[in-house]
Amino acid sequence: MARVVRFHRHGGPDVLRIEDVEVPPPGPGELRIRVKALGLNRAEASMRKGAYIETPALPSGLGLEAAGIVEAVGDGVDGCASGDAVSIIPPRSMARWPAYGELVTFPAELIVKHPPSLGFEAAAATWMQYLTAYGALVDIARLGRGEPIVITAASSSVGLAAIQIANSIGAVPIAVTRTSAKKSALLDAGADYVVASQEEDLEARLKEIAREGVRVVLDAVGGPIFTRLTATMSRGGMLLEYGGLSPEPTPFPLFEVLAKTLTLRGYLVHEITGDPARLEAAKRFILDGLAAGALKPVIARTFPFDKIVEAHRFLESGEQFGKVVVTV
């Protein structure tokens, strides 16, 4: 038996329950992992609330990221052995492969032996944020040296990962955040510029920073900010939308799109994780960046496993700067 987190109905953090379940041995091509740390993502809060792209049968587990020690190896698995320290590439379905538990079973192709220098907490905070940012900035947008890149929700784990990746390739990260409360921390984290969207004229400030326009925008917010972002983009620019944090409708900036031949593109990390060749390239980029120190996960706060409800409350508070991690 092992303790896992499940929910029997959709709702707020209070619907989460820690329950004892029987964890079967790994099947062919699978590994069973003794979890040491979990990385929390807003996608998990969305599925808990019933507002995610995946609608699970209830009761359901959840969770996309974990790190721990291999406890058992299924038939046909090469490259991993009992006792190895590993972390998990986010699966396409967290209902099928939930990470919130003391013991979890995952396909071997989603397992990475992370660098020895990376502790379990940092390893659990690595893959979702860096794969998401890498896929958008490097794989799809081909962001180049000296190019400005606008990053909204910049204090989130993905936002901070995007700042680090932009710096690693010599681009110019422009962080957009709601207020100036996190401005100093964002500058310390590597942003070249910080714009507080609720305190400044976002369009005017971005046009002042990037006088020739911005070719690449990474947005997790949507809503009314959409028109102000596209107004600052250069001809042929690309806006990659990977979230939807705003509760307000997102207008379609028809005339900006037409006049500048813009690409407004929905983006999911599954585009990278579901393609073996692209995933291998991403893993090499990220592991090299971690080893060189160019990439370093920022952990906002750590909670014990028994405090999973409190961890989800903090996740949704908007107060965090970086990743919320749970130790097991």
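## Salt bridges and sheet architecture in a predicted model

The structure holds 18 salt bridges, a salt bridge being a side-chain nitrogen of Lys or Arg within 4 Å of a carboxyl oxygen of Asp or Glu. This is a predicted model, in which local features need pLDDT of at least 70 and side-chain atom pairs count only at pLDDT 80 or more, while totals for chains, interfaces and linings use all residues. Residues are numbered from 1 along each chain as its sequence is written, and side-chain values use heavy atoms, with hydrogens and water left out.

### Salt bridges

Side chains of opposite charge can pair when their charged atoms come close.

| Pair | N to O distance |
|---|---|
| R3 and E102 | 2.9 Å |
| E203 and K207 | 2.8 Å |
| R205 and E208 | 3.4 Å |

Helices (H or I, at least four residues) and strands (E, at least two) are DSSP runs, numbered from the N terminus. R3 and E102 are also joined with D306 in a network of salt bridges.

Accessibility is described in three classes: buried means under 20% relative accessible area, exposed over 50%, and partly exposed in between (1.4 Å probe, protein chains only). R3 is partly exposed because its relative accessibility is 27%, while E102 is buried because its relative accessible area is 18%.

The other two tabulated pairs belong to helix α6 (residues 202-209). E203 and K207 are 4 residues apart in this helix, about one turn; R205 and E208 are 3 residues apart in α6, again about one turn. Relative accessibility is 26% for E203, which therefore counts as partly exposed, and 38% for K207, also partly exposed. R205 is partly exposed at 23%, as is E208 at 45%.

### Antiparallel pairing of β1

Strands of a sheet pair through backbone hydrogen bonds, either parallel or antiparallel. Two strands are taken to pair if DSSP finds at least two bridges between them. Strand β1 (residues 2-7) pairs with strand β2 (residues 16-21) in the antiparallel sense over 6 bridges, and F7 stands opposite L16 in β2. β1 also pairs with strand β4 (residues 60-61), antiparallel over 2 bridges; there the bridge partner of F7 is S60.

An open sheet with parallel pairing is formed by 6 strands, in the order β11-β10-β9-β12-β13-β14. β11 (193-196) and β14 (263-266) stand at the edges, each with a single partner strand, so one side of each is left without a neighbour in the sheet. From one strand to the next the twist averages 20°. Helix α6 packs on this sheet and touches β9, β10 and β11, its direction making about 165° with that of β11. Axes are lines fitted to C-alpha atoms, for helices over the stretch in contact, and angles run from 0 to 180 degrees between N-to-C directions.

Within the sheet, strand β9 (residues 148-151) runs parallel to β10 and is joined to β10 by 4 bridges, with I149 opposite P173 in β10. Strand β10 (residues 172-177) contains T177, which is buried because its relative accessible area is 11%. Apart from its neighbours within four places in sequence, T177 is in contact (heavy atoms within 4.5 Å) with L186, V194, V195, A196 and S197.
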